[in-house]
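Reader: Could you take me through the aromatic rings here, and how pairs of them are placed?

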Amino acid sequence: MTKPIERYNPRVEEPRWQKAWADARSFEVSNDDPRQRYYVLEMFPYPSGRIHMGHVRNYAMGDVLARYKRARGFNVLHPMGWDAFGLPAENAAKQTGSHPKTWTYANIDAMRTQFKTMGLSFDWSREFATCDVDYYQRQQKLFLDFLAAGLVTRKKSKVNWDPVDETVLANEQVIDGRGWRSGAIVEQRELTQWFFKISDYSEDLLAAIDGLEGWPDKVRTMQRNWIGKSEGLRLLFEMLPSAATAATSIEVFTTRPDTIFGASFIALSPDHPLATELAAADPALRDFIAEFHRHGTATETIEKAEKLGHFTGLFVKHPVKPGATLPVYVANFVLMDYGTGAIFGCPAHDQRDLDFARKYDLDVIPVVLPDDADPAAFAVGDEAYVGPGRIYHSEFLDELSVDDAKREIANYFGARQVGNRPQGVVETNYRLRDWGISRQRYWGCPIPVIHCDVHGAVPVPDADLPVKLPDDVTFDRPGNPLDHHPTWKHVACPICGEPARRETDTMDTFVDSSWYFARFTEPHAADPTVPAIANAWLPVDQYIGGVEHAILHLLYSRFFARAMRKTGHLGMDEPFKGMFTQGMVVHETYRDQSGDWVLPVDVALEGMGDSRRAKHATSGAPIEIGSIEKMSKSKKNVVDPDEIVRTYGADTARWFMLSDSPPERDVQWTEAGIEGAGRFQQRVWKLVHEAIEIEEMSASSETPAAEIEGIRKLIHRAAQAVGEGIEGLRFNSAVAQIYELSNGLAKFATTLEAAPTANGAAALSEGVAKLVQLIAPMMPHLAETCWVALGKPGMVADAAWPDVDPALLVDDTVAMAVQVNGKRRGEITVPKGSSNAVVEKEALSLDAVARMLDGKPPRKVIIVPDRIVNVVI
RNA sequence: GCGGGCGUGAUGGAAUGGUAGACAUACGGGACUUAAAAUCCCGAGGGGGUAUCCCCGUGCCGGUUCGAGUCCGGCCGCCCGCACCA
């Protein structure tokens, strides 16, 4: 090397290229571009004010794909916006006195700046926040259209009340009895709420999952389980007359009508109307129900073992055993909001029923015989038998399979009458409930409805949209500021003009994120979408986000697509063709001797393996190294992206995030890892300069053609493999391919420096130029700087993906492993496509093989052409 | 409890049923340096012979196969999701 190369300086180069891309509007996309479209979208963030490493990983992945697809000639839509409504803004208002709007937009500005330093290829001209009036006005329009189309309903319902956030939570937002955001124990309250009728689409949402081939199986399974379809029978039991109630029958839902001959009791939910009625005259039952409500859903995980019941004194007729009766209990394990809120218990074949029967000493009658069991000996102990088998002890169902018996008994009850109704009706039930969207909050999209004493809930006329949030609100007392506002809610009824009240509830923020992907296709349109344009872009080709949204957000968005289709805003049912859930960013945790968490930047590490020790970087106090966990502020195991960008540059951060782990798995952030990524950045830079200098050297000899071909094969194979890796979102293997190419080129450059050749320099130049293009999606700034250094025209961001010469992907000769009895003993190199006879002869003549054969002929020789030889002796 | 996934060197991880450990990180040795950093070269699954040879090896046990990290069955362990849904 004749002169030292200056180090690549990302602090200078990165801002320079970010400006160049912005000036050239490189990533702004036109809806009129005739090229094939590709829509890549990462889940938009909540504007907390600072980006974190999880964002860096998420958006780096999407950016690689977007830049790659651009290089492949697609018209790529890659937008960015803000999921900007929600409670933190109100909490900040309470704590700091700043207005939610001010706080939110300031956060957005800060995060936008941070995103820009990452060099992400977003079309910023399409940016919006869900709290923009422009956006939520259109969301109100969608609400009204859904309402008109019968997709919205208002009903009184028991709701999950979060006492800390003072708001209602959807079932899905309650995790282990606690609010998903506040962590407070959730209480039950009864309120009138607005609902989207997502359950109308239960079957459709379930069936369509089969077609979502670009989704992870895991997510598809989670959605199926969430929708929770089960097929069963609604069955009427006639009651023995009782003075306690006028009711004459109890309706149950069961998926196991085949076990009816094994029934030994009826159980009602504590919330069942009949239970409520009976409790009025039965203090003990009243206490039982009250006790149940005290526990509610909150402690269900703890008390799951204990099945408790209260006998009502009522009996029903056994529907298939004339003269027999079954006792009616109220039981704590029966849910009111699933099926009919009542069940029949068959203890032999349901674990819960068995636990209950053992406790209250009820009959356990087995009626399903496992296939190889002895009917005389088979008995149920502490474990119910829920598997397949033959029905027995069941008269006309005997000998049938479980499935056949279900059909038979359904027909039997279908043909009988109780009162004026069939005794049994086949019914499909879903776990999926309607989506309650009412929130008693200020910082959300106002529900555009006016309540009139005469006309009830009246939609706000389209012409009166938007219903804007008032700016002059205060947060000095609990509850909803919209409700407290002196004037905002007082309006005239749109029908009669008499004084009326605005709906003061706002929408669940999941509504905001259920259609933003559609809005991005034409973000400034007067209507929510321009269907022709939205339909051209959607579905999103590749959606990328965290697995924590695998159920709710994706299910709601799928519902929205259907609802928007029904109301003419969209033309497809499924919004996301490809879905990818990336893993988290994790880091070791550190604690000092008083048990307080310590930031990684304050920790000094030494040693390795079991002898690793940590101490405080400044005080030297000992630090305990804890488990590796998701980065979180509470455990302080966080690394600040700004800091990383300042120290190493955005490219290095992106590269490390992509290189270290498969994208769907968690990636462990390590100092060593980021440093290694930084070194690679410098190696590329150095290699580019070596290639330039070698080109300028005078060549006295020629590199042998075979060697040149070897290099060119390396180059073209890497290009091929990197492309395939990115297409398959296997970024880590694409990175490995780039490393191999770079190592190979560096080695070649070293030999050329000693003995320069013209043809060698040309091959090296080709390789380095292609290398720069291959790294461009991942380290775009470095690639641009190298591109200029190599004297290439324009920007690499606009360059086409390198062509691959298919001829260079195949070899004339092939190395075949030679095994003896399945164990590798050597290798032969033969022309590709060699006949088995040639291969066998070569293989058998290997020393190692000949030695093991010891003069005897092989028993068998298996040859997989061009792959492997196995000699069996 | 039910459902899904995963178990490979010190570490992250590669391997259409066909040469296990690519690539990276960490580590060790060497070169350069007054020294260090950086950089470059070399080594490396374990064990034995110490040369170029042999044995063992992808959580454990068994099976299918000429051949199993990969497929099948049964265990063990970890992770994720759902959780009284009749």
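Author: F253 is buried (under 20% relative accessible area; exposed is over 50%, partly exposed in between; 1.4 Å probe, protein chains only), with a value of 8%. This is a predicted model, in which local features need pLDDT of at least 70, side-chain atom pairs need 80 or more, and totals for chains, interfaces and linings use all residues. Residues are numbered from 1 along each chain as written, chains are lettered from A and ligands numbered from 1 in written order, and side-chain values use heavy atoms, without hydrogens or water.

The structure holds 53 aromatic pairs (Phe, Tyr or six-membered Trp rings with centres within 6.5 Å; planes under 30 degrees apart are stacked, over 60 edge-to-face, the rest tilted). One of them joins Y201 and F559: the ring centres are 5.8 Å apart and the planes stand at 70 degrees, so this pair is edge-to-face. It links distant parts of the chain, 358 residues apart: Y201 is in the loop between β7 (187-196) and α6 (202-207), and F559 is in helix α16 (residues 552-566). Helices (H or I, at least four residues) and strands (E, at least two) are DSSP runs numbered from the N terminus. Y201 is buried at 13% relative accessible area, and F559 is buried at 0%.

F253 pairs with Y338, with centres 6.1 Å apart and planes at 80 degrees, so this pair is edge-to-face. It too links distant parts of the chain: F253 lies in strand β9 (residues 249-254), while Y338, 85 residues away, lies in the loop between β12 (325-331) and β13 (342-345). Y338 is partly exposed, at 24% relative accessibility.

Y201 and F559 also belong to one aromatic cluster, whose members include F143, F146, W194, F196, W435, F510, Y556 and F560.
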